[in-house]
Amino acid sequence: MAELVSRRMMRNLLTRRAGGVRVVTENVAVLKALETVPKIAQAESDNYYKEPVTIEYYIPKESRFAYQVKYLYIPLYDPEPKNDNQRLVMDFFRKINEPIDPMKAMDEFPQFMVKMLDYLSPQMGMIESLSRNIQDGLRGDANAFRRALYTCEVLRKFEPSIVSLEILGDYTVYNINWLIRKLNSLQVEFSLEDPTVEYLIQRYRYFAAQNGETISERFEILAQIYLDQAFPFYGEELEDIGD
């Protein structure tokens, strides 16, 4: 993210969510005290998407703005199969430790080929590009994995589809997670689209709630600042409904 927090956000510099209620304070010292990078075990560090968040501070005595970058670490949660077909496909790709390649899935599971070709035909150009980049990445081209990641971001806009619901499962999210972990391990720089980052944030919040996990204040502070930067009117539509 290159955008800076707005003047409105500067007045509400510490924002977090607690039980669905928006809590606001102007304690800039709390923001400054946040660690640039959270304490995470090295063995687990690849299982996060890392988003830089630029925070803007106003220094009254000097009549100027200062900036700091903190890193929002978003844990990744893989989709689980919801029927036997999805389980068959997902288990196969998990076993060989590869992203879900729809072209390879049709080769391995010919019983699904006709339906997949029928429903994937509008996106077939992107599906073929995804397959080429996955295979190139597996042969050692790290940048091909990055291209595959960006292709999955585009394909996610067409979901849910008949193919994902009945056969592949949520393959775009599965692949996004797989590719983030792989690029992290290869130390290849990449950056996701704002809607994808928002989705990962909401996905983490959902699974944390399901598992009874307490989300750290650091995460909520940086996530809310990020969302206000990326989506200036984030949440205002919902707030207006209650007026």
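This is a predicted model: local features need pLDDT of at least 70, side-chain atom pairs count only at pLDDT 80 or more; totals for chains, interfaces and linings use all residues.
Across the whole structure, ten aromatic pairs were identified. One of these is formed by Phe-109 and Phe-112, whose rings are tilted, with 6.2 Å from centre to centre and 40 degrees between the planes. Burial applies to both partners: Phe-109 has a relative accessible area of 9% and is buried, and Phe-112 is likewise buried, with a value of 9%. In the case of Tyr-204 and Phe-219, the ring centres are 4.8 Å apart and the planes stand at 80 degrees, so this pair is classed as edge-to-face. Tyr-204 counts as buried at 6% relative accessibility, as does Phe-219 at 4%; the cut-off for burial is under 20% relative accessible area. Tyr-204 and Phe-219 also take part in one aromatic cluster together with Tyr-77, Tyr-206 and Phe-207.

The axes of α9 (residues 171-186) and α10 come within 13 Å of each other and cross at roughly 95 degrees. Helix α9 is therefore roughly perpendicular to α10, as angles from 65 to 115 degrees are assigned to that class. By residue class, the contact of α9 with α10 comprises five nonpolar, two polar and one charged residue.

Several backbone features were found in loops. Most residues other than glycine have a negative phi, and most peptide bonds are trans. Against this background, the peptide bond joining Glu-159 and Pro-160 is cis, with omega at about 0 degrees. Pro-160 is located in the loop between α7 (142-156) and α8 (162-168). Asn-97, although not a glycine, has a positive phi of about 55 degrees, and is placed in the loop between α3 (84-95) and α4 (102-108). A positive phi, near 60 degrees, is also found for Gln-187, another residue other than glycine. Gln-187 occupies the loop between α9 and α10, the two helices whose axes cross at roughly 95 degrees. With a relative accessible area of 73%, Gln-187 is exposed.

Leu-130, in contrast, is buried, with a relative accessible area of 0%. This residue is found in helix α6 (residues 124-138). When residues up to four places away in sequence are not counted, Leu-130 touches Pro-102, Ala-148, Thr-151, Cys-152, Leu-155, Tyr-171 and Asn-175. Leu-130 and Tyr-150 are separated by 20 residues in sequence, and their C-alpha atoms are 9.1 Å apart in space.

Note on methods:
Residues are numbered from 1 along each chain as its sequence is written. Side-chain values use heavy atoms; hydrogens and water are left out. Rings of Phe, Tyr and Trp (its six-membered ring) pair if their centres lie within 6.5 Å; planes under 30 degrees apart count as stacked, over 60 as edge-to-face and the rest as tilted. Buried means under 20% relative accessible area, exposed over 50%, partly exposed in between (1.4 Å probe, protein chains only). Axes are lines fitted to C-alpha atoms, for helices over the stretch in contact, and angles run from 0 to 180 degrees between N-to-C directions. Helices (H or I, at least four residues) and strands (E, at least two) are DSSP runs, numbered from the N terminus. Angles under 35 degrees count as roughly parallel, over 145 as roughly antiparallel, 65 to 115 as roughly perpendicular and the rest as oblique. Ala, Val, Leu, Ile, Met, Phe, Trp, Tyr, Cys and Pro count as nonpolar, Asp, Glu, Lys and Arg as charged, and the others, Gly among them, as polar. Contact means heavy atoms within 4.5 Å.
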